[in-house]
Amino acid sequence: MKKYDLYINGDWIESTAGEKFETKNPATGETLATFPKGTKKDVVKAIDAAERAFPQWKKYPAPKRGDILLKAASIARKKKEEFGEIVTKEMGKILAEGRGDVQEAIDFLEYISGEGRRLFGETTPSELSNKFCMTIRQPIGVVGCITPWNFPAAIPCWKLGAALISGNSVVFKPATLTPLCAAKLVEIFEEAGLPPGVLNFITGSGSVVGREIVENHRVKAVSFTGGVPTGVDIYGKASKSLKPVHLELGGKNPQIIMDDANIDLAIEGVLFGAFGSAGQRCTATSRLVIHKDVYDKATKKLLERTKALRIGDPLDPEVDMGPVASVDQEKKILEYIEIGKKEGAKLLCGGKKLNGKRYDKGFFIEPTIFEAEHGMRITKEEIFGPVLAVIKTSGYADSVRIANDVEYGLSSSIYTKDVSTAFRAIQDLEVGITYVNAPTIGAEVHLPFGGIKNTGNGGREAGTTAIDEFTEMKTVFIDYSGRLQKVQIEK
Ligand code: NAP
C-alpha cells in the first residue's frame, strides 16, 4: 500500500499536521493508499507556491503551455489501462467505464492543448478613424479547483486543463473518496514538465481544505463540481471576496419515450443511462417518462433487461454494474428506496442491498425501478444511485411538463422517430443538454457541458466555453490618430 503526500511547489511533502486517511476499494474494502489530511496551513503554503509561480507561467507562451498538456495527454494514453483500473478500484465503476473516464481525460487534454494556439479575442472596427479595437484574454491568477468522486479522472482534467492552458496557477482539491486517481493525474502533469508551483495538490476534507480555498482572498476564482448544498455554501462564502465561482451541480435527468419510438433502442439507452456507474453520474437517467400507448411494452422490456444485469466486482469483465462508491452513498440510496415505498411508489424490481460472499465487503445495491407518480420525492430529488422512477404520461405535452417540473436542468433525452417532435423537444426541454435517440449520458469534450436552474450558475465546462471561467476579458483601444478623439461626442 502506497503512502502519498501533498504536492506543493513541485515537491511531494507531508502535511503540517501529519494526520492521514485511507482510500478504499468500495467493492472489496481493500485499502489502496494513504493520504494526508491537509490543513489550512497546507492550503496557504500551496497558495504561496501558486502565487510565486503565476507570473512566469502567465508569460510562458500559450502554445508551449499546450505542448505540456499534450505531453500529459500522451503519458495518460500510455498509462490508460493502469489508470483505468485505478479508477475502477477506487470509485467502483466497471472497468470499461473506468477506462472511459481516463479516455475522457485524455480527449480533453488533447483538445484543450490546441487552445494554446487560439485563446481567441476579437477585433472590431472603431466608430472613429485611425483607431483600433480588440479584446484579449488574460489568466485570472491563482485559481481553486474542487472536484467530486464520480468522474475522478475526467472532471479534474476538465478543470486543470482549462485553467492551465489559460495561464493560471492552481490549487487542486479532489474528493476525499478518490485521492488516488487525483494523485495519478498530478504525477502525469509532473512527468509532462509542468513547472513547480503551477499545480499544487492538497487532499483533505471539504470543510477544511475546500473551505480555505474558497475563502482565501488570494485565490481569485473557484471552479467547483459537486452537490447543490455544497455549491450554495461555496457561492455564499466566495461572494464575500466577490471572486467568480463556477458551479456544476446535480441533475434529475429525464428520458422520454414517445409512442413512435424504437422501444428496443430506448430501453438499451435507459439501461446505460440509469445503471451505468451505478447511477452515480450527474447526467444519469433517473426518470423514465413513457407515453401511455407504449408504457406496458416498454416497462416489460425494461424489467426483463434490468433483472438480467450482473452485479459484482467491477474489475470482472462479465459484470454490468459495480458497487456504489461509499457507505454514505449506500445509506442515502437505501433511504431513498424506503422513501419511495412509503410514498406509495410501486417497486417493480430491486430495492435491496446485496448480501452474500461476493458482496459482503462492498456497497452493492440492486438496480431498482419504481413505478411512480410525478411529484413524489423520488421523482424530484437527486438520488445519485441505481434507482429509476418510471412515469406514465398522456402524450408529448404531458411528458415535457413532467420533464421540466424539477429544480434541476442538466441533461435530458427523447426517443422518437418524428423529426418535428424531436425539434420541438430540443426547444421545449429546460436543460443544458438534450439527446435525441440517445441516453442522457454521453458528453463529448469538444462541446459545452453544464446545466440551468439548480444545476449551476450559468457557466459551461469543456468545448469552446471551457476557458471562459479561467480567463478575464480585457478590452483594448489603440488610437493612432495623433490627436484626442472623443467617442459619442464627435458625431
Ligand atoms: P460534494 O459532497 O458536494 O463534494 C464535492 C467536492 O466538494 C469534494 O471535493 C468535497 O470534499 C468538497 N467539499 C465538500 N464540502 C465543502 C465545503 N464546505 N467547501 C468546499 N469544498 C467542499 O459532492 P460529491 O458527493 O463529491 O459529488 C456528487 C455530486 O456532484 C452530485 O450531486 C452530482 O450530481 C454532482 N456532479 C455534478 C456534475 C456536473 O458537471 N454538473 C458532475 C459530476 C458530479 P470532500 O470529498 O472532502 O467532502
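**Helix H6 against strands E1, E4 and E5.** In this predicted model, helix H6 (residues 179-192) lies across E1, E4 and E5 and runs at about 70° to E5. Helices (H or I, at least four residues) and strands (E, at least two) are DSSP runs numbered from the N terminus, while axes are lines fitted to C-alpha atoms, for helices over the stretch in contact, with angles running from 0 to 180 degrees between N-to-C directions. Residues are numbered from 1 along each chain as its sequence is written, and side-chain values use heavy atoms, without hydrogens and water. Local features need pLDDT of at least 70, and side-chain atom pairs count only at pLDDT 80 or more, whereas totals for chains, interfaces and linings use all residues.

**The open sheet of 3 strands.** The strand order is E1-E5-E4, with mixed pairing, where two strands pair if DSSP finds at least two bridges between them. Strand E1 (2-3) and strand E4 (20-24) are the edge strands, each pairing on one side only. E4 pairs with strand E5 (residues 31-36) in the antiparallel sense over 5 bridges, and Thr-23 stands opposite Ala-33 in E5.

**Helices H2 and H4.** The axes of helix H2 (residues 62-78) and helix H4 (residues 95-113) come within 8 Å and cross at roughly 160°, so the two helices are roughly antiparallel to each other; angles under 35 degrees count as roughly parallel, over 145 as roughly antiparallel, 65 to 115 as roughly perpendicular and the rest as oblique. Contact, meaning heavy atoms within 4.5 Å, involves residues including Leu-69, Leu-70 and Arg-77 of H2 and Ile-106, Leu-109 and Glu-110 of H4. The residues of this contact of H2 with H4 divide into 9 nonpolar, 3 polar and 2 charged, with Ala, Val, Leu, Ile, Met, Phe, Trp, Tyr, Cys and Pro counted as nonpolar, Asp, Glu, Lys and Arg as charged, and the others, Gly among them, as polar.

**Helices H9 and H10.** Helix H9 (residues 263-275) and helix H10 (residues 295-307) have axes that come within 10 Å and cross at roughly 50°, and they are therefore oblique to each other. Among the residues making the contact are Ile-267, Leu-271 and Phe-275 of H9, together with Lys-301, Leu-302 and Arg-305 of H10. By class, the contact of H9 with H10 has 7 nonpolar, 1 polar and 5 charged residues.
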